[in-house]
Amino acid sequence: MFDDQSSHDVDQLIDELITREGGYSNHPADRGGPTRYGITEAVARAHGYTGPMSLLPRDEAAAIYRRLYWLRPRYDQVARRSARIAAELFDTGVNMGPGVATTFLQRALSALNRQAKDFPDLVPDGRVGPATLGALDKFLALRGPGGEKVLMRALEAMQGERYLRLAEKRPANEAFLYGWLANRIGQTD
């Protein structure tokens with residue numbers, strides 16, 4: 001989804017995301033209702049936008065993405081350690097919620113800590129805090145660039161499994177499954 005160079009710049013991440021999300025949509029199977037640039041009407045309203053969703057300005061969408069999906073979940077702190085992991089969390093967080101994306105990270109790190117020999121297991125609370133950042137630091141220091149690649153694969157495996165589960169639980173989500181798998185999985189290498 002992001003190459004190493006673009007993942008260093010949150011503005012570029014957001015621009016690529018907005019381009020991928022596309023313009024206005026009001027798909028009948030989408031529980032989010034009307035969206036523009038991937039921003040749902042509920043999210044836009046919660047952040048003060050009062051106009052028609054079909055006219056949501058791109059810069060307003062970018063500001064929402066930066067605030068809600070980059071700064072609030074502390075992916076800027078993750079980016080200081082691994083721009084690729086932060087970019088992956090950002091993209092997953094936009095699509096599934098930052099809490100889900102962060103929980104994926106916490107679960108993966110705990111499963112990769114060699115039975116807590118490298119660092120303690122994490123509580124999968126969906127929040128990036130000192131324990132999560134510390135575990136990420138230790139994991140990357142011990143495993144290096146190869147570890148980053150393995151961690152990316154673990155994150156994408158959980159994401160893909162969740163997409164399949166969403167389609168199985170709610171058949172209307174099958175309308176989105178192909179696009180989710182085509183545009184959000186397997187773009188990390």
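Start at the largest pocket, which has a volume of about 930 Å³. A pocket here is an open set of points on a 1 Å grid over the protein atoms alone, where a 1.4 Å probe fits and protein lies on both sides within 12 Å along at least five of seven lines. This is a predicted model, where local features need pLDDT of at least 70 and side-chain atom pairs count only at pLDDT 80 or more, but totals for chains, interfaces and linings use all residues. Residues are numbered from 1 along each chain as its sequence is written, and side-chain values use heavy atoms, leaving out hydrogens and water.

Now select Glu21, Asp30, Asn95, Phe176 and Trp180: of the 29 lining residues (an atom within 4 Å of a point), these lie nearest the pocket's centre. Colour helix 9 (174-184) next; with five residues, helix 9 gives the most to the lining. Helices are DSSP runs of H or I with at least four residues, and strands are E runs of at least two.

Just past its end, click Gly97, which has a positive phi of about 105°.

Last stop: the open antiparallel sheet, three strands in the order 1-2-3. Strands pair if DSSP finds at least two bridges between them. Strand 1 (24-25) and strand 3 (39-40) are the edges. Pick Tyr24 and find its bridge partner in strand 2, Arg36.

Definitions and conventions: Grid points are joined across faces, edges and corners, and a volume is the space filled by probe spheres set on the points.
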